[in-house]
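Please look at the structure shown below, which the following report describes site by site, with the cut-offs given where each term is used.

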Amino acid sequence: MTRTPTYATREDVKNALDFKQTARADRQIDRALHTASRGVDALCRRRFYPEIATRSWDWPNAQRARPWRLWLDENELLSVTEVTTGGDIVPPESVFLEPNAYGPPYNQVQLDTASASSGWIGGDTHQRSITITGLYAGCRDDETTAGMTTSALNDTATTVSVDAAASAQVGVGSLLRLDTERVIVTGRRQADTGQTLTADIDAQAKTVLLSVADGAQFAIEETILIDGERCLIVDIAGNSLIVRRAWDGSTLAAHTTGTAVYAPRALSVTRGALGTTAAAHSSTATVHLFTPPALVHQLALAEAINVLLQEQAGWFRTATGGSTSREATLTALTALRTQVYDALGRKARLRGV
C-alpha cells in the first residue's frame with residue numbers, strides 16, 4: 001500500500017488530548033489520522049498534499065470542448081514539467097496554466113492560440129492522447145524550514161537524524177522535503193542528545209526546571225526522555241529547561257546528576273515518496289516541512305480525535321446534563337466540516353458523459 005501523509009500528526013493528537021491512554025495507542029492514533037485525512041480529501045474532492053506524477057487525458061474535442069483548453073477536474077496542478085499531445089512535446093512557452101490570476105493550484109491547461117501549438121491533437125486514437133507531467137496538489141505547496149539533518153544520508157537508509165528544532169516541529173505523518181526528495185515520517189525513536197542533567201530533580205510535578213550543560217541543544221515543544229520519564233519543554237532559559245513532567249502517560253520519578261537526556265530525533269521514513277526519487281543528502285541538509293491549509297489541519301485533527309473518543313466509548317458517547325444523558329452531538333465538528341468545504345471544497349459538479 002502506498003503511504004500518504006496525514007494533515008495532522010500523532011503528536012498533535014497527543015498534545016490535544018493529553019491523557020495517559022494516548023501513550024499506549026500509537027497505532028490507533030495513526031489509523032484515525034489516516035482515516036481523517038483521507039476523509040478531508042473526499043469531503044473537499046481534492047488532495048492537499050503535493051505529488052509529482054504523469055497523468056493522461058483524452059483529446060478534449062471528443063467532449064466538444066474548445067480545442068485549446070483542457071479541464072483538469074480533480075487533477076489540479078501547481079507546476080508543469082512536460083506536456084505532450086498526440087505524442088508531440090508542447091513547447092513550454094505555449095502552455096498556460098489557468099486561472100493565472102489566483103493560481104496555483106490550476107484547474108485547467110490552455111495552449112497559446114498565438115503559437116503553432118494552438119490546439120490539442122489526437123494520436124492514433126483520441127484516448128489518452130494528452131499527458132502532463134508536473135506537481136499535482138489541491139493547495140499551494142507551502143513549506144516551513146523545520147531544522148536540519150545531523151548525519152549524512154545515503155539513498156537506501158530509512159532513518160533520518162534531525163536536530164532539536166526539527167524534532168520539535170515534525171511528527172509521525174509529516175511530509176518532509178530534503179533537497180528534491182520527499183519523505184513521509186512513519187515513526188520516531190529516541191536518540192542520545194549528548195546532554196546530561198547537571199542537578200538532581202525530585203519526583204514532584206511542581207519541579208519543572210531541569211538543568212543541563214547546554215540549553216541551546218534543545219528546542220521549545222520538543223519532548224525529552226530522562227530514565228523512563230518523558231517531559232515536554234515549554235520554555236528555555238539559558239541552560240535551564242522549563243518542562244511539563246510525566247508527559248504522554250509516563251510516570252514521575254526522581255533523577256540524579258549525570259543522567260543522560262534523550263529525544264525522539266531519529267525519524268523512520270518512507271523514502272522517495274509521492275513521485276520523488278531517493279537520493280543522498282549531506283549531514284546538514286535543510287528539513288522542509290509541508291504545511292497543509294490551517295482549516296484542513298484543524299479538521300483532520302478534530303476528525304481523528306472524534307474517532308478515538310468514539311472507539312473508546314464503543315461508538316456510543318453520551319453527554320450528561322443534570323439527571324439525564326443523551327448521545328453526544330457533533331455540532332461543532334459538523335460546523336467545522338461545513339466551514340472547510342465552503343472554503344476549500346471543489347464546488348463544480350463532476351464531468352458527465
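## Surroundings of A266

A266 touches T159, V160, G187, R188, R189 and A191, leaving aside residues up to four places away in sequence, where contact means heavy atoms within 4.5 Å. The residue belongs to strand β16 (residues 260–270); helices (H or I, at least four residues) and strands (E, at least two) are DSSP runs, numbered from the N terminus. With a relative accessibility of 10%, A266 counts as buried, buried being under 20% relative accessible area, exposed over 50% and partly exposed in between (1.4 Å probe, protein chains only). The C-alpha atoms of A266 and Q190 are separated by 6.3 Å, although these residues stand 76 residues apart along the chain.

## Basis of the model

This is a predicted model, in which local features need pLDDT of at least 70 and side-chain atom pairs count only at pLDDT 80 or more, whereas totals for chains, interfaces and linings use all residues. Residues are numbered from 1 along each chain as its sequence is written, and side-chain values use heavy atoms, with hydrogens and water left out.

## The aromatic pair and charges over rings

A search of the whole structure finds one aromatic pair. The rings of Y7 and F48 have centres 5.9 Å apart and planes at 85°, so the pair is edge-to-face; rings of Phe, Tyr and Trp (its six-membered ring) pair if their centres lie within 6.5 Å, and planes under 30 degrees apart count as stacked, over 60 as edge-to-face and the rest as tilted. Because Y7 lies in the segment before α1 (10–17) and F48 in the loop between α2 and β1 (51–57), the pair ties together parts that are 41 residues apart in sequence. Y7 is buried at 2% relative accessibility, and F48 is buried with a relative accessible area of 0%.

R38 lies over the face of Y7, at 5.3 Å from the ring centre, and the charged end of K347 sits over the ring of Y341, 4.9 Å from its centre. A charge sits over a ring if NZ of Lys or CZ of Arg is within 6 Å of the ring centre and within 35 degrees of the ring normal.

## D30 in helix α2

D30 lies in helix α2 (residues 26–44) and is buried, with a relative accessible area of 14%. Its side chain is joined to that of R10 by a polar contact of 2.6 Å, a polar contact being a pair of N or O atoms within 3.5 Å; within protein, one must be able to donate a hydrogen and the other to accept it, and residues adjacent in sequence count only if both atoms are side-chain atoms.
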